[in-house]
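Here are my notes for you, written as numbered points. Please keep the model open beside you while you read.

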Amino acid sequence: MSPGVIPAVDRSVGQGMAVGARPVPPSLKRAPLERRALLSEALTAGAWAAAIIASVPLVSVLYMLVVRGGARLHWSVLVELPPAGFEMGGGFGNAIVGTVVMVGLGALISVPVGILCAVFLAELGPHSTLAGAVRFAAKTLTGLPSILAGVFAYASVVLVTGTYSAPAGAVALAVLMVPTVVLTAEEAMKTVSRITRDAAYGMGCTRSQVIWRIVLPTALPGILTGVMLAVARAAGETAPLLFTALFSSFWLVEHGAVKLMQPTASLAVLIYNFSGMPFENQIELAWAASLVLVMLVLFVNIVSRLLGRRRA
Amino acid sequence: MSSLEHAGPPGAVASAPSAWDFFADRAFRALATAGAYLILLLLAFILWQIGRKAWPGMRDYGVGFLTSTNWDVGRGHFGILPAIWGTLYSSFLALVIGGFFGVVMAIFLTQDFLPPRLAVVFRTTVELLAAIPSVVYGLWGIFVVVPAIRPGADWLYSHLGRIPFFGSTLSGPGLLPAALVLAIMILPTVAAVSQDALRQVPYRVKEAAYGMGATRWEAILKVMMPTALTGIFGALVLGFGRALGETMALAMLIGNSNQLSLSLFSPANTLAALLALNFPEAGPREVAVLMYAALVLLAITLLVNVAGGAIMAMAGRKAGK
């Protein structure tokens, strides 16, 4: 379709008809200077301008990350512990470990539950009342503000165990990951063709065998896409970790022993804490941590995109 | 026939499920059903848990909590009216800005403005905007947005200071930078959902409009938009819901000050930011009050999101007809 001006109908046509003379064919000439044609062009220019303005923040964010974060990014930053107040140097090695551990634990909780739930929604009772209620619950959970996941984990893990800890943060993240996993896994399983399923039933498979041997393997790329999206989102979450995992300037693993039940650092909370400090060193580290976090999130996003494409 | 009756002799195509297969089938199905119930339970448990912890606060402060403007931990005065106001005001501003750009972006991406390759560039831009963590936007807001808008804000204050919107200086964090960053964060949501709504309008509807001599924008504004209106409205409501619950960018940019003000440049507070900033150091009494605030936030966002979901369902039903 050419985007230009569509020929305007000649105004004389209606009058010609009224007199009862032979209908005059509409004029198909382009009238690029007509008012409404000019208006259309102006709006098109406006849309371009708006689209470019909307892209400015992204360019600016990426530019700042590369310039300010890249300046400080160095191997030592990735393996050292966060510096105290006036200290120079330092890094955020423990925060990277903390983020990976908490997101991993969160996935460990949310992925099995999410996939089981999706199996029910897609295979066992897609039209049941329970399925309707569960879908509504999952959609409601998608809209749950992330800080409330933190409040929930605080009330049900931190207050119960009596300490800020990595598992508390993981529970908060899991609450945020579950709905994404459920809804995308259900969609992925729905795309498995009826015929393949029926063939398996015809061979005498039980429903679980069909699910395990046919549906899940076929839908796997789609399910993984959903899991990766959930992981990418969770890795960048800060609010749910603020008062569940808190922060720490020490390693999660000390003397070969993993100590999970203690305050745990994460990249996101480190960025938040350091961004408000009056020390140049900390602010530089916040930018470098942002760069690492964004690269991590984008990497997971790209992997999920690739998985999704292979399916298509 | 005979090969079907045997349970798996060599060369048979299939064998009947064994007792173990039946057992495994039942067990797995029960497990999956339990998984479904677990999601329901999770939502119920979240509501119950927050409600239960908020109860002491509700009992002590009642409805006055929602209309009081004081937040004084020392004296035990708590009120969240400024935070509610700040939440609604900042989200509304973000919705106006982010909603406008989001809908225009959706039109731009769906109405054949771009050659496919360029469309990929803009589509990726929108998706990347959604992928960047909010804490990174907060950092960017502190070091880029606030310095960038300060000259303009100062000019507006000194020349148009009588208008309540510009009634104070921008001394660093404030409502406008927070709302701007919030707008950027809801733009991808609005754009994605609006795009779906616009794509649901059959292509031949637009072709019919072109055939009648409509210009491109007449076709968009008088045919496509009215047809997709319900879906676009749903997109805006969902975007508003996202803005209400967004925490980090606001906690870093809004200035955490309990005041009721129309000014775009004065510091303010939101419910989510209030929780983020006060929870880590809260004593037991304050925790109860904060839980109450969390319950209010939960109620507001649930209401908006359920409304958005209902509108989307309505749009889907309309498109299905």
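1. Let's begin with Glu187(A), which is partly exposed because its relative accessible area is 46% (buried means under 20%, exposed over 50%, and partly exposed in between, with a 1.4 Å probe and protein chains only). Its salt-bridge partner is Lys190(A), with the closest N and O atoms 3.5 Å apart (a salt bridge is a side-chain nitrogen of Lys or Arg within 4 Å of a carboxyl oxygen of Asp or Glu). Lys190(A) also counts as partly exposed, at 48% relative accessibility. Both residues belong to helix H7 (residues 166–190) of chain A, three residues apart, or about one turn of the helix. Helices here are DSSP runs (H or I, at least four residues), numbered from the N terminus.

2. A word on the source: this is a predicted model, where local features need pLDDT of at least 70 and side-chain atom pairs count only at pLDDT 80 or more, while totals for chains, interfaces and linings use all residues. Residues are numbered from 1 along each chain as its sequence is written, chains are lettered from A in the order in which they are written, and side-chain values use heavy atoms, leaving out hydrogens and water.

3. Now look at helix H8 (residues 194–202) of chain A, where Arg194(A) and Asp198(A) are four residues apart, about one helical turn. They form a salt bridge with a closest N and O distance of 3.4 Å. Arg194(A) counts as exposed at 53% relative accessibility, whereas Asp198(A), at 38%, counts as partly exposed. Elsewhere, shared partners join Arg135(A), Glu186(A), Glu187(A) and Lys190(A) into one salt-bridge network.

4. Which residue forms a salt bridge with Glu284(A)? Arg72(A) does, with the closest N and O atoms 3.1 Å apart. This pair links distant parts of the chain, 212 residues apart: Glu284(A) is in helix H12 (residues 280–311) and Arg72(A) in helix H2 (residues 35–72), both of chain A. Arg72(A) counts as buried at 15% relative accessibility, but Glu284(A), at 30%, is partly exposed.

5. Between the chains, 79 residues of chain B are in contact with 84 residues of chain A (contact means heavy atoms within 4.5 Å). The rule finds two salt bridges across this interface. Glu127(B) pairs with Arg305(A) in a salt bridge, the closest N and O atoms being 3.0 Å apart.

6. Finally, why is helix H11 (residues 271–278) of chain B described as largely enclosed by the rest of the structure? Because seven of its eight residues are buried, including Leu271(B), Leu275(B) and Asn278(B).

Conventions: Helices (H or I, at least four residues) and strands (E, at least two) are DSSP runs, numbered from the N terminus.
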